[in-house]
Amino acid sequence: MSFDRIDIALLSALTRNARASHVELAELVGLSSTACARRLKQLEDNGLINGYHATLGLKQLGFSTTVIVRITLDSQSEETLNAFEKAVARCPSVVQCHLMSGDDDYLLTVLARDIEDFEHIHKGQLSTLPRVARIHSSFAIREVINRPVPPTALEHLRRAAR
């Protein structure tokens, strides 16, 4: 799929404000709202836009503790990885899980209300995951950056559209 300056402008605008209406976006890029809606639908159909999300205030919801958890399994067989991934997907406190290269098999982001809440999560969710050999947890002191999209994500599209 090729992109032009209008597609790139739409994507850029949505990364700043996913609630922008078709009318607002159309004015921004110089299209009618119908043409803008058609472009957005095409970007969605091609998998470039995967959803629209609200960013919630986690502290206001009572989640003041972010924990980065590194997990090593006792085996890296496909059966073991599949079993672990199915089980971790059922853990309500895990908000991200990545299969990793290197010493650890998985990197998880866990949200907790406080350290005591994390203790319950550790005992009731993480320690019960299948085939876990080792769990290392680190507590985030402060969030410095939390970008849903890196600022450079659209740069290669901009260069290609020139």
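I will go through these topics in that order, with the definitions given as they come up.

This is a predicted model, in which local features need pLDDT of at least 70 and side-chain atom pairs count only at pLDDT 80 or more, while totals for chains, interfaces and linings use all residues. Residues are numbered from 1 along each chain as its sequence is written, and side-chain values use heavy atoms, with hydrogens and water left out.

Four strands form an open sheet in the order 2-3-1-4, with antiparallel pairing; strands here are DSSP runs of E with at least two residues, helices are runs of H or I with at least four, both numbered from the N terminus, and two strands pair if DSSP finds at least two bridges between them. Strand 2 and strand 4 (132–139) stand at the edges with a single partner strand each, so one side of each has no neighbour in the sheet. Direction ignored, neighbouring strands are turned by 20° against each other on average, where the axes are lines fitted to C-alpha atoms and angles run from 0 to 180 degrees between N-to-C directions.

Going across the sheet, strand 2 is joined to strand 3 by five bridges, and valine 94 stands opposite valine 110 in strand 3. Strand 1 and strand 3 pair over seven bridges, with isoleucine 68 opposite threonine 109, and seven bridges also join strand 1 to strand 4, where valine 67 faces phenylalanine 139.

The largest pocket has a volume of about 1700 Å³, a pocket being, on a 1 Å grid over the protein atoms alone, an open set of points where a 1.4 Å probe fits, with protein on both sides within 12 Å along at least five of seven lines, and lining residues having an atom within 4 Å of a point. Of its 42 lining residues, the closest to the centre are Thr55, Asn146, Arg147, Pro148 and Val149. Helix 1 gives the most to this lining, with four residues.

Finally, the cysteines. How many disulfides does the structure hold? It holds zero, a disulfide being a pair of cysteine sulfur atoms within 2.5 Å. The sulfur of cysteine 91 is 9.0 Å from the closest cysteine sulfur, in cysteine 97, which is too far for a bond. Cysteine 91 is buried, at a relative accessible area of 7%, where buried means under 20% with a 1.4 Å probe and protein chains only. Cysteine 36 is buried as well, at 0%.

Note on methods
Points joined across faces, edges and corners; volume = space filled by probe spheres on them. Buried < 20%, exposed > 50% of the residue type's maximum accessible area, 1.4 Å probe, protein only.
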